[in-house]
Amino acid sequence: MISVAEALEQLFALLGPVREETVPLEAAVGRVLLRPVPALRDQPPFDSSAMDGWAVRRADAAPGARLRIVGESAAGKGFAGRLAEGQTVRILTGAPLPEGADAVVIQEEVIRDGDHVRLSPDAVAGHVRLRGGDFTAGMTFSAPRRLRPVEIALLAAFGHPALSVARRPEVAILSTGDELVMPGEMPGPDQIFAANAFGLHALLTEAGAAPRILPVVPDDREALTYALSLAEGADLVVTIGGASVGDHDLVAPVAQAAGAELSFHKVAMRPGKPLLAGRFPDGRLLLSLPGNPVSAMVCAIVFLRPMILAMLGLPPQPAPRQTAVLGAALPAGGPREHYLRARLGPDGRVIPFPRQDSSLLSVLAEADCLLLQPAGSPPLSEGARVEILPI
Ligand SMILES: Nc1nc2c(c(=O)[nH]1)N[C@H]1C(S)=C(S)[C@@H](COP(=O)(O)OP(=O)(O)OC[C@H]3O[C@@H](n4cnc5c(N)ncnc54)[C@H](O)[C@@H]3O)O[C@H]1N2
Ligand code: MOO
């Protein structure tokens, strides 16, 4: 059995180069930008007005001054001439400052009188946005990073209609087991619903992958061999169940018979021990999760999500952890790193649920974090500092 950290390293080592595609801005939210993007021009591209008012020469703008109106500068249609001494131009927000002008007086601080304006005694000349004040041509937006709406707005302002992002990894999800039927189907007396496929589909979608759920595979060598071949075209095949040592646990032998080279089988974690990973001869990766629903979801949080993020070109790193204060004493840990289902209170104290069996989805669904107890940990008393993994 290898440690969680070693298993994660081996998973990262299995990954091939990140694959790229170009998508229009409208399809870029949530995608991972792979390369730094330069601004194509200065923003604003000219000195411009921040307010609706009157463009002036600062030297002319003494309180009470009377200036002659010689034209208008609107956003998208600037004033063609040059402002001479004693003159002003009507200007609107975002419009280019006319040549010769270096300030704006807002319209509330001016009284119009025919083709003249008089500045009020408290008029303040200013309100100019200088060229390049937001960004300058050539300035780069760094990558890799996952794009948020605010960043897409910036890249649109840079002038790019489309961006080079990581292709969504295609993930085939394969539930194995004679006992499984899909939600909505009629289960037999010995059957249950294939819950894990949907939890994983959701987690994968959130992480940025393109998952698809394949039909449930019975505990049968031939059927599993065929199902694995159906997952052709996927970057990653995730199987659920049949990973352990029972008479019907066929994933490891069938994957190997199909030519898969296994990186590891069994990890020193609880839940999640029978985890298995490898690669098929055609390059598809295989991650086989234990069938117990909590085990499958915990393994997905600890291994599958970091793997997908790395496949998207983000730095390969474990799921982020935080520290918290233990809110209830814990007995000594076993030989496997334990990921206890727990809740973090507003006081920063984390309390594990009393029932930790790996079949209990109802407990997992109430949890907001996994409390990590290292392998071989001594008993921990209330108030000890512990690591948690928010979920
Ligand atoms: N003698 C031993 N028995 C077991 C060991 C062991 O080391 N020695 N390990 C145990 C551990 S730990 C786990 S975890 C389980 C995992 O075994 P499998 O991956 O082979 O899972 P299955 O036996 O197929 O299923 C276990 C459990 O989960 C339910 N299941 C399976 N798939 C789904 C699904 N898609 N959605 C919902 N529930 C699912 C299945 O019905 C079983 O109840 O093995 C222990 N045994
Ligand atoms: O590894 Mo199992 O997941 O403890 O139930």
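The model is predicted, so please keep its confidence rules in mind: local features need pLDDT of at least 70, side-chain atom pairs count only at pLDDT 80 or more, and totals for chains, interfaces and linings use all residues. Residues are numbered from 1 along each chain as its sequence is written, while chains are lettered from A and ligands numbered from 1 in the order in which they are written. Helices (H or I, at least four residues) and strands (E, at least two) are DSSP runs, numbered from the N terminus.

**Ligand shells**

- Ligand 1 is surrounded by 26 residues, and the closest are Gly241, Ala243, Ser244, Pro290 and Gly291; a residue is near a molecule if its C-beta atom, placed from the backbone, lies within 6 Å of it.
- Helix H3 (195–207) and H6 are the elements that give two or more residues to this shell, and H3 gives the most, with three residues.
- Sorted by class, the shell around ligand 1 holds twelve nonpolar, eleven polar and three charged residues. Here Ala, Val, Leu, Ile, Met, Phe, Trp, Tyr, Cys and Pro count as nonpolar, Asp, Glu, Lys and Arg as charged, and the others, Gly among them, as polar.
- Around ligand 2 you will find Arg270, Pro271, Gly272, Lys273, Pro290, Asn292, Ser295 and Ser358.
- The classes for ligand 2 come to two nonpolar, four polar and two charged residues.

**Helix packing**

- Two packed helices are described by the angle between their axes and the distance between the axes.
- Helix H1 (residues 4–14) and helix H6 (residues 293–311) have axes that come within 10 Å and cross at roughly 30 degrees. Axes are lines fitted to C-alpha atoms, for helices over the stretch in contact, and angles run from 0 to 180 degrees between N-to-C directions.
- H1 and H6 are therefore roughly parallel to each other (angles under 35 degrees count as roughly parallel).
- The crossing is right-handed for H1 and H6, and right-handed for H3 and H6; the term applies if the near helix is turned clockwise from the far one by less than a right angle.

**The six-stranded sheet**

- An open sheet of six strands runs in the order S18-S15-S19-S23-S22-S20, with mixed pairing; two strands pair if DSSP finds at least two bridges between them.
- Strand S18 (210–213) and strand S20 (261–265) form the edges, each pairing on one side only, and the twist averages 20 degrees from one strand to the next.
- Within this sheet, strand S15 (residues 170–175) and strand S19 (residues 236–240) pair in the parallel sense over five bridges, with Ser175 opposite Ile240.

**Strand S25 and its partners**

- Six of the eight residues of strand S25 (residues 337–344) are buried, meaning that 20 or more other C-beta atoms lie within 10 Å of a residue's own, with C-beta atoms placed from the backbone.
- Strand S21 (residues 269–270) pairs with S25 in the parallel sense over two bridges, and Met269 stands opposite Glu337.
- Strand S27 (residues 369–373) pairs with S25 in the antiparallel sense over five bridges, and Arg341 faces Leu370.
- Strand S26 (residues 349–352) runs antiparallel to S25, joined by three bridges, with Leu344 opposite Val350.
- S25 and S26 form a hairpin with four residues between them, and Gly348 in the turn has a positive phi of about 80 degrees.

Definitions and conventions. Buried ≥ 20, exposed ≤ 12 C-beta atoms within 10 Å, placed from the backbone. Parallel < 35°, antiparallel > 145°, perpendicular 65-115°, else oblique.
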